Amino acid sequence: MKYIAGFFRFWYDFIVGDDWRIAAGVVTAIGLTALIAHRDIDAWWLMVFSVIAVLIGSVRRGAR
Amino acid sequence: MTRGVFLFLSAFLASGVEMVEALTIVLAVGVTRGWRSTLLGAGAAAVVLAGIVGVLGPAVSAVPLTSLRVLVGGLLLIFGLQWLRKAILRAGGYKPLHDEIASYDEARTQAQHAVHGARKSVDWYSFTVSFKGVFLEGLEVAFIVVTFGAAQRNGVRIAAEAAAAAFAIVLAVGAIVHAPLSRVPENTLKFTVGLLLTSFGTFWAGEGAGLRWPGDDASLVGILGLLLATSLLMVRLLRRRHGVAGLTADPSGARA
């Protein structure tokens, strides 16, 4: 059990890292973009500005 | 063409940065405790990494391209944003710059104080530290090579060539100077890699989500430019907030 928990902890740390909000923000941005793009609405701006918003939010939290 | 150049550059820089860090650990342990077990550990890590790439590569290639681009783009975005965030915080003075000399000295001190297994044929301390250093630093490179390769035609070849070129250069320089590569402007490289990974991630995740980018591949340059401008602005604002006057927005953290 300890090894399984360690295995998942390693991959969580490796992929998600020290700010889980980045991963959550990326998943949300992709989901919202897919939702809008599949209604034939031009949504490239949403993807770009969501990524920039995630970056700014994460840097602000890191600088507190 | 644009994608190919960006892809080579991203894989080359990302591999180079990680390899410099791995080399620092291997050099410190090798110089302090001897080379045989240290090189055995580094070699074993390289074999395990090759195995992971060998298994992951074909497995990832079997996934449909649209789903793959969402997955790969998302992963690259998460990695890229984390690299960029740390590089901005370092350049802004909110996080200490990574110091290869300090890392080297720390690893040497730890190696000197660890118990020597003189009678054993393999020094397990050297083997384990060297294995861990090469494996953990190399895993990120392996991930980048596999994901880049999977999302673009000839991607694996381009990314693997870039990683091999970085490996050859770092190894050659390490063998010549036999000391940590402290002159590498590490934060500038991490800043650049973060920008490139985030740009690729945004582009591929967007394509996978069903977007049509204006200008196709050329929009990569636009995404990169926007991210660069935002990042430099954040570095400038952080430095001003930190109360240090007379600084440029140079992401190396070098003071003007």
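## Stop 1: chain B as a whole

Select chain B: it has 8 helices and 0 strands. Color by element and follow the chain from the N terminus, and the order reads α-α-α-α-α-α-α-α. Of the 256 residues of chain B, 48% count as buried. Now think about contacts between residues at least 6 apart in sequence. In chain B, 85% of these join residues at least 24 apart.

## Stop 2: confidence

This is a predicted model. It scores ipTM 0.92 and pTM 0.75. Color chain B by pLDDT. The mean is 81, and 85% of the residues of chain B reach 70 or more. Which helix of chain B has the lowest mean pLDDT, and which the highest? Helix α4 (residues 100-113) of chain B is the lowest, at 73. Helix α8 (residues 219-241) of chain B is the highest, at 94. Where pLDDT is low, the predicted coordinates should not be read in detail.

## Stop 3: two helices inside chain B

Select residues 65-91 and 186-208 of chain B. These are helix α3 and helix α7 of chain B. Their axes come within 6 Å and cross at roughly 150 degrees. Angles over 145 degrees count as roughly antiparallel, and α3(B) and α7(B) are therefore roughly antiparallel to each other. Their crossing is left-handed. By class, the contact of α3(B) with α7(B) has 17 nonpolar, 10 polar and 5 charged residues.

## Stop 4: a buried phenylalanine

Go to B:Phe148, in helix α5 (residues 124-151) of chain B. Buried or exposed? B:Phe148 is buried, because 28 other C-beta atoms lie within 10 Å, and 20 or more are enough to count as buried. Show its contacts, leaving out residues up to four places away in sequence. B:Phe148 then touches B:Leu7, B:Ala11, B:Gly155 and B:Ala159. Next, draw a C-alpha to C-alpha distance from B:Phe148 to B:Ile158. The two residues are 10 apart in sequence and 8.8 Å apart in space.

## Stop 5: where the chains meet

Show both chains. The contact takes 26 residues from chain A and 27 residues from chain B. Look at the chain A side. The elements giving two or more residues there are α1 (2-15), α2 (20-37) and α3 (44-62) of chain A. Which of them gives the most? It is α3(A), with 11 residues. By class, the side of chain A that touches chain B has 20 nonpolar, 5 polar and 1 charged residues.

## Stop 6: α3(A) against α3(B)

Two packed helices are described by the angle between their axes and the distance between the axes. Here the axes of α3(A) and α3(B) come within 10 Å and cross at roughly 45 degrees. The two helices are therefore oblique to each other. Their crossing is right-handed. From α3(A), show A:Val51, A:Val54, A:Leu55, A:Ser58, A:Val59 and A:Gly62. From α3(B), show B:Leu77, B:Leu81, B:Leu84, B:Arg85, B:Ile88 and B:Leu89. Together these residues make the contact. By class, it has 9 nonpolar, 2 polar and 1 charged residues.

## Stop 7: α3(A) against α8(B)

The helices α3(A) and α8(B) pack at an angle of about 20 degrees, with their axes 11 Å apart. That makes α3(A) roughly parallel to α8(B). The crossing of α3(A) and α8(B) is right-handed. On α3(A), pick A:Val48, A:Ile52, A:Leu55, A:Ile56 and A:Val59. On α8(B), these meet B:Ile223, B:Leu226, B:Thr230 and B:Met234. The residues of the contact of α3(A) with α8(B) divide into 8 nonpolar, 1 polar and no charged.

## Stop 8

Most residues other than glycine have a negative phi. Two aspartates to check next have a positive one.

- Select A:Asp40, in the loop between α2 and α3 of chain A. Its phi is positive, at about 60 degrees. A:Asp40 is exposed, with 8 other C-beta atoms within 10 Å.
- Select B:Asp216, in the loop between α7 and α8 of chain B. Its phi is positive too, near 50 degrees. B:Asp216 counts as exposed, with 12 C-beta neighbours inside 10 Å.

Key. Residues are numbered from 1 along each chain as its sequence is written. Chains are lettered from A and ligands numbered from 1 in the order in which they are written. This is a predicted model: local features need pLDDT of at least 70, side-chain atom pairs count only at pLDDT 80 or more; totals for chains, interfaces and linings use all residues. Two residues are in contact if their C-beta atoms, placed from the backbone, lie within 7 Å. Helices (H or I, at least four residues) and strands (E, at least two) are DSSP runs, numbered from the N terminus. Ala, Val, Leu, Ile, Met, Phe, Trp, Tyr, Cys and Pro count as nonpolar, Asp, Glu, Lys and Arg as charged, and the others, Gly among them, as polar. pLDDT is the predictor's confidence in each residue, from 0 to 100. Axes are lines fitted to C-alpha atoms, for helices over the stretch in contact, and angles run from 0 to 180 degrees between N-to-C directions. Angles under 35 degrees count as roughly parallel, over 145 as roughly antiparallel, 65 to 115 as roughly perpendicular and the rest as oblique. A crossing is left-handed if the near helix is turned anticlockwise from the far one by less than a right angle, and right-handed if clockwise.
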